[in-house]
Amino acid sequence: MGSLKEERKTTGWAARDPSGVLSPYTYTLRNTGAEDVLIKVICCGVCHTDLHQIKNDLGMSNYPMVPGHEVVGEVVEVGPEVTNLKVGDCVGVGCLVGCCNNCRPCNAEVEQYCNKKIWSYNDVYTDGKPTQGGFAGSMVVHQKFVVKIPEGMSPEQVAPLLCAGVTVYSPLNHFGLKGSGLKGGILGLGGVGHMGVLIAKAMGHHVTVISSSDKKKEEALDVLGADDYLISSDVAQMQELADSFDYIIDTVPVHHPLEPSLSLLKLDGKLIIMGVINVPLQFVSPLLMLGRKTITGTFIGSMKETQEMLEFCKEKGVRSTIEVVKMDYVNTAIERLAKNDVRYRFVVDVAGSNLENE
């Protein structure tokens, strides 16, 4: 039997086609299930993935699509079996809203590697309905995929941590690279790269930003607090720093050579790939073999790591550099993001926006 409860609706900003232009869209939310929470969205970060999805860059987009997977909000209703959250809590939702709960990754609490994971938007939930993201007034999410925001952290500051922040924290955590005194490199200084500098510095690492030009040098050193800045085309500097890095986090989302980074790694060093690149990358094998080096990649982070990362950022006072915008500016923000014209993350003030009008 269907529920007698009146259907609950919300308004979000959706793309209708691969032009990626967002406009108001009203849709039905599922009723709050036994383990679900209803969240009133406060704000939502704008990630590069949102851009790819709304424009169908990956060829898998379904419309209408409400993007947004760096969601911070307030719990307004909880199901009877919700144990760790209560009405009034400030919470976060990241890239995922579901998983199978019985495969090896799920049992190991790394549900982001579950083959049946359900994305926060542009996916289909267990009830057969499309999932919609955080560029909207409300969301209903299973408690497993909701994190509690530590007291005293501002929602706008937290938003980028829920994707970009945990994406960098996860490999450092998993590969045992959290100890102070390590030497790390961050290749590419966009949304993920800037979080990489902040989190690695907070862990006590010596951090070098690696870039193709000196365009961001001042910013990297003076604003984000990196220790050093390396231009990858500077042969002398590259040779001087060869075999000296414990790890390099490579956030570049387009095709680029891997050899320069591999040459910088010391024995057992790790090149951690974070950029989504759909063409093959190349390297010559002796560069790996002669230093027992590793090329690896990780994908976002688990719910457990997300909670840990938030506590860590609170304790260390990690603050991301953001530009807060209203929903009526979101299309301009996305155009600017496509040109990398943002320092370093747009965050949409959803609660302070009129979602009904363009």
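**Salt bridges and surface**

Mentor: Asp 36 counts as buried, at 7% relative accessibility; buried means under 20% relative accessible area, exposed over 50%, and partly exposed in between, with a 1.4 Å probe and protein chains only. Keep in mind that this is a predicted model, where local features need pLDDT of at least 70 and side-chain atom pairs count only at pLDDT 80 or more, while totals for chains, interfaces and linings use all residues. Residues are numbered from 1 along each chain as its sequence is written, and side-chain values use heavy atoms, leaving out hydrogens and water.

Trainee: What does the side chain of Asp 36 meet in a salt bridge?
Mentor: The partner is Arg 30, at 3.1 Å from N to O. A salt bridge here is a side-chain nitrogen of Lys or Arg within 4 Å of a carboxyl oxygen of Asp or Glu. Arg 30 is partly exposed, because its relative accessibility is 23%.

Trainee: How many salt bridges does that rule give?
Mentor: The count comes to 15.

Trainee: Which residues are linked with Asp 89 in a network?
Mentor: Lys 86 and Lys 148 are linked with Asp 89 by salt bridges. For the side chains of Asp 89 and Lys 86, the N to O distance is 3.0 Å.

Trainee: And is Asp 89 buried or exposed?
Mentor: Buried, because its relative accessibility is 8%.

Trainee: What about Lys 201, what does it form a salt bridge with?
Mentor: With Asp 227, the closest N and O atoms being 3.0 Å apart. Lys 201 is in helix α5 (residues 191–202) and Asp 227 is in the loop between α6 (217–223) and β12 (228–231), so the pair ties together parts 26 residues apart in sequence. Helices (H or I, at least four residues) and strands (E, at least two) are DSSP runs, numbered from the N terminus.

Trainee: How accessible are those two, Lys 201 and Asp 227?
Mentor: Lys 201 has a relative accessible area of 29%, so it is partly exposed. Asp 227 is also partly exposed, with 35%.

Trainee: Changing topic: where does His 69 lie?
Mentor: In the loop between α1 and β4. His 69 counts as buried, because its relative accessibility is 5%.

Trainee: Which residues does His 69 touch?
Mentor: Leaving out residues up to four places away in sequence, His 69 touches several residues, including Cys 44, Cys 47, Cys 95 and Cys 163. Contact means heavy atoms within 4.5 Å.
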